[in-house]
Amino acid sequence: MPEARDSRGPTTVLARSASSFDDRRVRDAGGSEVAMVYFLHTEQAPRCLRPPDAQVDALGARVVQEEASPYSLVHICLNALIANLEKLCFERPDGTLCLPENWIFPREISDQFLRRMAWQGKLTDRTASIFQGNQMNLKVLNIQKAKISAATFRRAFCHHKLIEVDATAVHSDLPVPDILSALCSNKWIQQNLRCLLLDSTTVPQNSRLPFVGQLTGLRILSVFNISFYNEDLVNISQLPMLQCLDISNTLVTDISALITCKDQLKSLTMHNLKCLTMSKSQIFEVIRKLKCLLHLDISNHWQHKSDLAFHLLQQKDILPNIVSLDISGGQYITDGAVELFICQRPSVKFVGLLATDAGYSDFLNAKQGLRVAGEVNINQITEALNQYRNRSCFIKAALCRLFTKTFSINVSMPALLKFIAIGMKNHPLDLPVQFTASACVLNLTRQGLASRMPVRLLSEVTCLLFKAMKNFPLYQQLQKNCLLFLTNARILVDVPFDRFEATKFVIKCLGCHENPKMQTMAVSITSILVLQLVPGETSQLQEDLLIAVKELLAIVKEKATENLHDATFIFSMKALWNLTDESPAVCKYFIENQGLEIFIQVLETFPDSTTQSKILGLLNNIAEVRELSPMLITECLLKHISSLLHSKDIEVSYLAAGILAHLTCDEKQWLFRHLQRNALLQDLHATIQNWPSSSCKMSAFVTYRSFKAFFPLLGNFSQPQVQLWALWAIYHVCSKNPSKYCKMIVEEEVLKLLYDTREHSQVNPQVRQLAASILEDFRMHFMNY
């Protein structure tokens, strides 16, 4: 028997600890990508996702439509295919996989399939081989963070007619020269590849990138954060169709070579280009000649104290057609200088001002059609999270400001939560990002705010928080934030996430004796999670559950000794009740660790009905285990149970009666104590007679995962008292939740037992009447259904 649920729903712990949160301004490197490039990062930026628009809603609370919708059938099918790839594919002699011969994938599905495999970490030398041959038709190759060899890359992908390649942060087994060499081995790719993203990939020491000059159809190239030199820049500047170039955080010292492509270059990103040796006037002279430039990013790490942006704003004859200017992290930037620059260039639609002293003026915040990535208000911060999703240091700065701005927020903002999730996903090993993001998540989901968030989005955030906890197990404040998030009833009840892994993690937190608040949260979450595990998972967690029982008993004993009836005590009792439900091994371990003695002490220390019901609920679980029930037949326990049978609280009386029904059902356990057993049975019968109708209200809803423990009671026609209690229990829960329990009656074949009970020749009249009442209500429910 699991715990009786309070009619108001699961208990929610609402607490916040921000004392250790560091709210210092974090300024770091970041920048924005041109829109064309962002469309290529489909996993990071869903096409229908847009930041909240201040003109539509001042608090940016627009619902993210994609997240509020169910997953598409394609999404579900691809995930199922990836999960079962080993079963569905054949193995070649070399150990790689191949698809069944009759399988053909259209282009759009092929692209999605590959991207999803890479994102889930399932793209390896063994699995990538399914893209060999003509069964797949790839156009967009997205292998971000994949670990595959150069030979596999060439063999699996380079015979396809690729127009876009994203090899961001691939493993060092696939260095940039090998990528370029393989791509250039295909003449069609040489002429038609339009976009190549090589961010954070490996370039061997003293290597150059000669092959990139052969990709004559290239329009977009990003070499962010790789070993890229002046000679490489000279080489790629010769590309006849190059329009968008990102050379951020590279080793380039001189950008003069860009003059070669001055008539075609539309977007130039030079974020954190710290190796530049040119003077400001030389840099501006190059930029001045780039007449087609629409997007310029010269944002910088604030610690580098660059004043390049400040001097750029003073130039009057530069960037006449600029649409997007990113100067985040620049020094000495003022609202006045930015406003003057924009007024002279009316085509400006975006300006990056994060980690600067600008962004406060009415002009910048009210100009129609102007987007500002900054830190002054939620709109600017949202834009910053969107623009700088791949730059951890600017994400940190934006999240720090967001935390203070959302501390007292009372409006649901799912779009903002989505951008936080993207930042967490893109920087899983960056502790400041994960910690600050977890604090912001708490602000955006506390109390009733989570109830207005899409379940799918909350599920994604929950999974990301668990990843953060695994990556930083020793950082206690992060662990605490994640536990606080889980105490939200909306998360625990409605949101899908891996409850098996969650239970393992939370049980570990039970032993956090140095932090009582964390321990209290862990106890409360454990009490709910264990009820949501399926039997197979419970058996796998046996060792963890035994640890949990030991920790919880220690807590209960300590609280009873100190006469301290606090939240931790209540949740510990609740958790023990739920842990022992339908788990004989846990029940046995409870007894072996002096659980019965401790509970007797608790009964004598705290005589309130709430504590009594939790103790009796757990004893019911033990009484249902035939091998353990004799352990309850002691003078001390029977005295307490008999006394509680007459409690004025119907729930306490009901639970006490359940224990006696199970204990007295088997006559063999009462050798030489028949008189005592008969007296208990008479007392049980008289008590049930005095109860109100089976459909009466209790202070809490008693719930059952199964009726199987009632089978021995229902079949015991020699003891109508125990039959009466079992039928009263079934009738009660069926009246409260007919859809759940009527279905259980059918699935567990209780229906046949009820008919047999009603028709039995030796059945007690009261028992027959109660069985008939259940059957009639069952019939009415299914007729109405």
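1. A disulfide is taken as a pair of cysteine sulfur atoms within 2.5 Å, and the structure holds 0 of them. C665 is in no disulfide either, since its nearest cysteine sulfur, that of C587, is 17 Å away.

2. A word on the model: it is predicted, so local features need pLDDT of at least 70 and side-chain atom pairs count only at pLDDT 80 or more, while totals for chains, interfaces and linings use all residues. Residues are numbered from 1 along each chain as its sequence is written, and side-chain values use heavy atoms, with hydrogens and water left out.

3. Are these cysteines buried or exposed? Buried means under 20% relative accessible area, exposed over 50%, and partly exposed in between (1.4 Å probe, protein chains only). C665 is buried because its relative accessibility is 12%, whereas C275, at 27%, is partly exposed.

4. Next, the salt bridges, each a side-chain nitrogen of Lys or Arg within 4 Å of a carboxyl oxygen of Asp or Glu. The count comes to 22. Among them is a network that links E86, E91 and R126.

5. Take a look at R371 and E383, whose closest N and O atoms are 2.5 Å apart. This pair links distant parts of the chain, 12 residues apart: R371 is in strand β13 (residues 371-373) and E383 in helix α13 (residues 378-387). Helices (H or I, at least four residues) and strands (E, at least two) are DSSP runs, numbered from the N terminus. E383 is buried at 4% relative accessibility, while R371 is partly exposed at 38%.

6. E635 and R673 also form a salt bridge, with 2.7 Å between the closest N and O atoms. E635 sits in helix α28 (residues 635-645), and R673, 38 residues apart from it, is in the loop between α29 (650-665) and α30 (674-690). E635 is exposed, with a relative accessible area of 53%, and R673 is partly exposed at 23%.

7. Finally, visit K289 in helix α9 (residues 280-289). Leaving aside residues up to four places away in sequence, K289 touches I259 and K262; contact here means heavy atoms within 4.5 Å. K289 counts as partly exposed because its relative accessibility is 35%.
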